[in-house]
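This briefing is meant for a reader who is meeting the structure for the first time. Please keep the sequence and the model in view while going through the points below.

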Amino acid sequence: MSNEKKPSNWQQAIEGEWHGLPSLFEADGTHVGYNKVSRASEHENGRTTYWMNTQFDATGPLNDRFEIGSPFRFGVIDSDMDRIYTGPDFFGSGRPYGLLVDSNYFSPGWNVNLRTMNHVVPDLGMQVYSSQLFEGDTLVGVFNGLYVVTHDHDTNPTTQKRVTAFLEQEKVNGKRPFNLPVKHAGKFTGRFEVYNDKQELVGHNDVVIHHNPLNLLHSEQTIEISGVVNASWKTMRTRNGNHHQYHGPDMYGNGMSYGRYLYSVRHVYGEAFKLWSRETQIDEDYTFVCAWQFMQSQKEKYTTFGVLRWEEGDLKLGANYVD
């Protein structure tokens, strides 16, 4: 039972029924199918209940593993500090930061620990979702995809058609690979909300990433941040399939992409400071929805999130000719 009669801010933000077709990936990034999902978190008479209906369409052992348990229905202790999941389908908790929740919980039926991140983006009319699935510290798979919300899906044919069209689009886009502009220089710009380790909104960061392709697989980037965090980091990025690396001089690290989603860890040279990130390419215009967590001395310092939009500059890799 909720300790509060009033629903939390996050609970109010996710009112309605959410519809998505998350993609399912094996640990190496291989796309193996989809999971059609309808879900809602409902607060009634002081109790919060989360329900979720799933339908998998996948191949291989992960399909057998995850096609169990639906429909899900489990209790939630709701608050602005922690959302605690009380089973029977999921046990654990989620940590809200405004319109983003970072959750860690366990599914007995699936036998996985999940790190799930849900980010509601009102400007884009969507929720950006992902779950990294673990046995202990070993990654065994990834779910990710976009959701849209409805309030009259059961009764409104127009709404039903809109959701059907969105799910069809997700089936096309879900397995597209994450990528950066390959031939053009330019910059990504955006404003991120910044929350401290007590989940308090403490301000904003203005983010600019200057992007300069060196060849089809290498690029040089400079990240400039001003606001709550003030920093400038330069690094060379490489990509080999869905494997990404950051080669300094200011940041070193790596990442892996699962379709449109790139998960990375970057260490700042000479400091006890690193950046964990989930970056989602939501369209062919290189619009990225980002969640960045800054870690100081191995502890959470800031959780930040926002949208980066691409501004195209000069063509760096045009056609080559030999006279």
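In this predicted model, R39 lies over the face of Y147, at 3.8 Å from the ring centre.

**Aromatic pairs**

- A search of the whole structure finds 27 aromatic pairs, and one of them joins F192 and W292, whose ring centres are 5.1 Å apart and whose planes meet at 70°, so the pair is edge-to-face.
- Because F192 lies in strand β12 (residues 184–196) and W292 in strand β20 (residues 288–296), this pair ties together parts of the chain that are 100 residues apart in sequence.
- Both F192 and W292 are buried.
- W233 and F294 also form an aromatic pair, which is tilted, with 6.3 Å from centre to centre and 45° between the planes.
- This pair, too, links distant parts of the chain, with W233 in strand β15 (residues 231–240) and F294 in strand β20, 61 residues apart, and both W233 and F294 are buried.
- Ten residues, namely Y50, F56, F66, F72, F74, Y85, F90, Y105, W110 and F143, form one aromatic cluster.

- T304 is found in strand β21 (residues 299–315), and because its relative accessibility is 0%, where under 20% is the cut-off, T304 counts as buried.
- Leaving out residues up to four places away in sequence, T304 touches F192, E193, V194, N205, C290, A291, W292 and F294.

**Nonpolar cores**

- The largest nonpolar core has 28 residues, of which L24, F66, F90, W110 and F143 touch the most other members.
- Elements that give two or more residues to this core include β3 (31–44), α2 (61–66) and β11 (138–150), while β4 gives the most, with four residues.
- F143, when residues up to four places away in sequence are not counted, touches S23, L24, F56, F66, W110, Y129, S130, S131, L133 and Y263.
- A second, separate core of 25 residues includes L21, Y34, V142 and L167.

- Strand β16 (residues 243–249) and strand β17 (residues 251–258) run antiparallel and are joined by five bridges, and Q245 has N254 in β17 as its bridge partner.
- These two strands, β16 and β17, form a hairpin with one residue between them.
- Strand β17 also pairs with strand β18 (residues 261–268), in the antiparallel sense and over eight bridges, and here the bridge partner of G255 is S264 in β18.
- A hairpin is likewise formed by β17 and β18, with two residues between them, and G259 in the turn has a positive phi of about 65°.

**Y252 in strand β17**

- Y252 is found in strand β17 and is partly exposed, with a relative accessible area of 37%.
- Although Y252 and R266 are 14 residues apart in sequence, the distance between them in space is 5.4 Å, C-alpha to C-alpha.
- Apart from its neighbours within four places in sequence, Y252 is in contact with Y246, H247, V265, R266, H267 and Y269.

Terms used
Residues are numbered from 1 along each chain as its sequence is written. This is a predicted model: local features need pLDDT of at least 70, side-chain atom pairs count only at pLDDT 80 or more; totals for chains, interfaces and linings use all residues. Side-chain values use heavy atoms; hydrogens and water are left out. Rings of Phe, Tyr and Trp (its six-membered ring) pair if their centres lie within 6.5 Å; planes under 30 degrees apart count as stacked, over 60 as edge-to-face and the rest as tilted. Buried means under 20% relative accessible area, exposed over 50%, partly exposed in between (1.4 Å probe, protein chains only). A charge sits over a ring if NZ of Lys or CZ of Arg is within 6 Å of the ring centre and within 35 degrees of the ring normal. Contact means heavy atoms within 4.5 Å. Two strands pair if DSSP finds at least two bridges between them. A nonpolar core is a set of buried Ala, Val, Leu, Ile, Met, Phe, Trp, Tyr and Cys residues joined through side-chain atoms within 4.5 Å.
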